[in-house]
Amino acid sequence: MLKNFWKIALRQLVKQKFYSAVKIGGFALGIAACLLIGLYIHVQLSFDRGFPGADRLYRLTGYLNDNGSVRKGSGWQAPFAQALKTEFPDVERTARLMSSPLFYGAGSNQLRPIESSQDSYEQGFTYADSSLPDLFDFHMIYGDRAKALSQPQTLILSKSKADKFYPGQDPVGRQVILNDDRDHPWTIGGVMQDPPENSHLQFDYYLSLTGHELWKGEQQTWMASNYDIYVLLRPDAGPARLADRITKVIIKKYWIPAMEQNGVPDAQHVLDKLGFTLQPVSDIHGTADMEDHLSHVDRKYLWLFGAIGVFVLLLASINFINLSTARSANRAKEVGVRKVAGADRRGLVRQFLLESIVTSGFSLLLAIGLAAVLLPFFNKLAGTAMRFPWTAWWLAPGAIVAAVVIGLIAGLYPAFYLSAFSPVQVLKGNREYRRLRTRWSVSKQLRRSSVGRGARHSGLRSGLVVFQFTTSVVLIIATIVVYGQMHFILNSKMGFNKDQVMLIEGTGTLGGRLPAFKNELLKLSGVQAVSNSDFLPISGRKRNGNTIYRAGREKLDPGTMVQMWNVDVDYLKVMGIKLAQGRNFSPGLATDSQAAIINEAMVRKMGLKHPIGERINWGQGKGVPIIGVVKDFNYESVKQPIGPLVMMLGNWTTTVAVRTNTADIKGLIAGISKVWRGFAPQQTLRYDFLDESFAHMYADVRQTGNIFTSLAVLAVCIACLGLFALSAFMAEQRRKEVGIRKVLGASMIEVAGLLTRDFLRLVALAVVIGTPIAWWIMSWWLQDYVYRMTMGAGIFIGAAVLVMVIALLTVGWQAVKAGTANPVAALRAE
């Protein structure tokens, strides 16, 4: 019996090639989209789970209530880790990580083997305790991971970097030079496998913290927070209970006494503002609101993409259901004959379900091939480097189960619908059709018959078409809004001029020759101004948080959390930042080395009515006077409000910013390259442009837009594919009716309107339903941005017109084809 069912299922697919292609192709597109989105979600949720002890490994995080604004962070003091081991028996091991590019060595460096004379720019540096490789189960190729970082001035590097500098060699014991500092070489203590893609630790170089201080006394101070601290708990420890104890013990015993010793005015109130949590390492990648130096994914977007993937699969399933029920008239006679021959309904249901599973199986095979082919394109869209899991144990059984489950779900309604035909009604309907086929009322009477009812206006089928186009409308509007927000970000006034600013990187190796380099650049035509500062108004650059007080009111007003930036006298000019009050730094005034320029956000935060001349300090002392106030500018993502900022003169020299005023950028770069070779012949010139770096800040928005665009196009294609096949079938079913109407004088436009009217009504209803849904979803999405676009009526009108035009073109082609056909051909058999 099963063999017979199988033959019938294959025969039906071959017999109805066009409709089978629509079913299988649409199904395959939907399943392929689901596979890619599912693979993406799986990878994002698999971070930091695949090593021993991962379930007991936590990162110490905290929250700070800064006058009503809650901030979350993971940076702590150097002695904190040892205090945890001393005070809490539940803590089995700890390890610290310091990846802030604020400090020398972390972030990026110029590196060369000690025997080489040519520097290479390298990224991915971090400082780490010697215990960290064990905690995260680093797979070592050379060296002992327990000892690799146990000595001062040692480092671990990844296999790809070892192959770059020491191909085919064991480099353990060899030395490298960072940033031309020949007096302090680093010894390679080990080589590790490249970090897995699903680890939040994406570093190629680990510098040892053994015997290392960021500045003198830094390892003992409780007044600077720069370290991520990882804690391995004992198996019976409770992380929530331990976090509460850490809050009470560490703050009271260590933190408050240190603050009081250093003259912090509101030290006793720190316990009211601060609390600790222990974050499982598996949650780090998915926590987007944490202030650290890592890349994250927002989990709500994962679930949103997952929901969209399911909806796309539903669209493909709807095509299957609609075409199966719409073509029921063509199979009604088969059902009638089978029932007369003795077939029961159960057997017919099994037959139709098997056909559905066969269709699903072919679709799944095609979908797997499509997903593998489209994966590189998807990786480019999502900014990932996923590989298709051909060797995964679950792929084959998962495909079989998926084919059966999807086939059963999609085929359940058509199977019960088709098997319910009464053989008497089917045969009677055929006799009635032969009797009434020459009468004008054939259309109306067929609609009333059970067979005609299967071929025409099914309420369920209409509802499914509405659902398809509602989903398409929502995705189209979402795509327009995402790209609109991207355009808003890139073209809004940020408070600084990001255009025509060239950033020369790696200038820290110039040391005392930096002023001479700056002067040589100013001699070039096309150079308007030059500034050296690592603090730039784009994410990923150096940041330095601090607490500032109004001098004389330290015990009256709470401290203000600010960014402290070191700049030079030309910084405002190069960045195009405007003064609102006061003046800029002056190179002729020595007193300006102890003066500050603040932004308007700080004026508001501290309640300064007349800021010029006011003095600010760090909790004690005379402090420094405010000589100027700049207009607010966005120095972080527009997802965040502009925070208080203090700028002071200082030396941070790894980046030189050059404001240009020439259209001959190639000529300018050639001139700068010539100057650079005169100062650093062993180092390749590296440069970027501020506007490009600014755009890179919002790569996640662009990726979201690309994904929405792809899914919207896919949803519209699947919906239109089903609509095209459905309209083609309806035109075929009404072929004789159209012929009669044309013989009686109906025009081509009237016939086309007859065949398109009902479909366009359904699409219009989908627009009405989908518009408020899209508005609600995208309003929720835009809430992440402090500065955001306004969703005007034009967005929704444009999406509605687009969908209506697409639907009209899809259905209209069949309608025009039917309207221009020769009625004689349709009625010849009559």
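Helix H2 passes helix H10 in a right-handed crossing. Handedness here follows one rule: a crossing is left-handed if the near helix is turned anticlockwise from the far one by less than a right angle, and right-handed if clockwise. H2 spans residues 17–45 and H10 spans residues 345–382. Their axes come within 6 Å and cross at roughly 45°. Axes are lines fitted to C-alpha atoms, for helices over the stretch in contact, and angles run from 0 to 180 degrees between N-to-C directions. Angles under 35 degrees count as roughly parallel, over 145 as roughly antiparallel, 65 to 115 as roughly perpendicular and the rest as oblique. By class, the contact of H2 with H10 has 21 nonpolar, three polar and one charged residues. Nonpolar covers Ala, Val, Leu, Ile, Met, Phe, Trp, Tyr, Cys and Pro; charged covers Asp, Glu, Lys and Arg; the others, Gly among them, are polar.

The model is predicted: local features need pLDDT of at least 70, side-chain atom pairs count only at pLDDT 80 or more, and totals for chains, interfaces and linings use all residues. Residues are numbered from 1 along each chain as its sequence is written, and side-chain values use heavy atoms, with hydrogens and water left out.

Now the whole chain. It has 25 helices and 23 strands. These are DSSP runs numbered from the N terminus: helices are H or I with at least four residues, strands E with at least two. The C-alpha atoms fill a box of roughly 105 × 55 × 55 Å along the principal axes. Of the 830 residues, 53% are buried. Buried means under 20% relative accessible area, exposed over 50%, and partly exposed in between, with a 1.4 Å probe and protein chains only. Among contacts (heavy atoms within 4.5 Å) with a separation of 6 or more, 79% join residues 24 or more positions apart.

Ser356 is buried, with a relative accessible area of 1%. Beyond residues up to four places away in sequence, Ser356 touches Phe320, Gly407, Ala410 and Gly411. Asp534 is 178 residues from Ser356 in sequence, and their C-alpha atoms are 62 Å apart.

Next, the cores. A nonpolar core is a set of buried Ala, Val, Leu, Ile, Met, Phe, Trp, Tyr and Cys residues joined through side-chain atoms within 4.5 Å. The largest one has 144 residues. Those with the most contacts inside it are Tyr40, Phe469, Val481, Trp565, Tyr571, Met647 and Trp781. Helix H21 (residues 699–733) gives this core its largest share, 16 residues. Leaving aside neighbours within four places in sequence, Phe469 contacts Ala719, Cys720, Leu723, Val763, Ala766, Val803 and Ala807. Another core lies apart, with 29 residues, including Phe80, Ala81, Phe88 and Leu233.

Helix H16 (residues 514–522) and helix H19 (residues 665–679) pack at about 155°, with axes 10 Å apart. That angle makes H16 roughly antiparallel to H19. Their crossing is right-handed. Ala516, Phe517, Glu520 and Leu521 of H16 meet Ile672, Val675, Trp676 and Phe679 of H19. The contact divides into seven nonpolar, no polar and one charged residues.

Helix H22 (residues 735–743) and helix H23 (residues 748–782) have axes that come within 10 Å and cross at roughly 150°. H22 and H23 are therefore roughly antiparallel. Glu737, Val738, Arg741 and Lys742 of H22 make the contact with Val751, Leu754 and Leu755 of H23. By class, this contact has four nonpolar, no polar and three charged residues.
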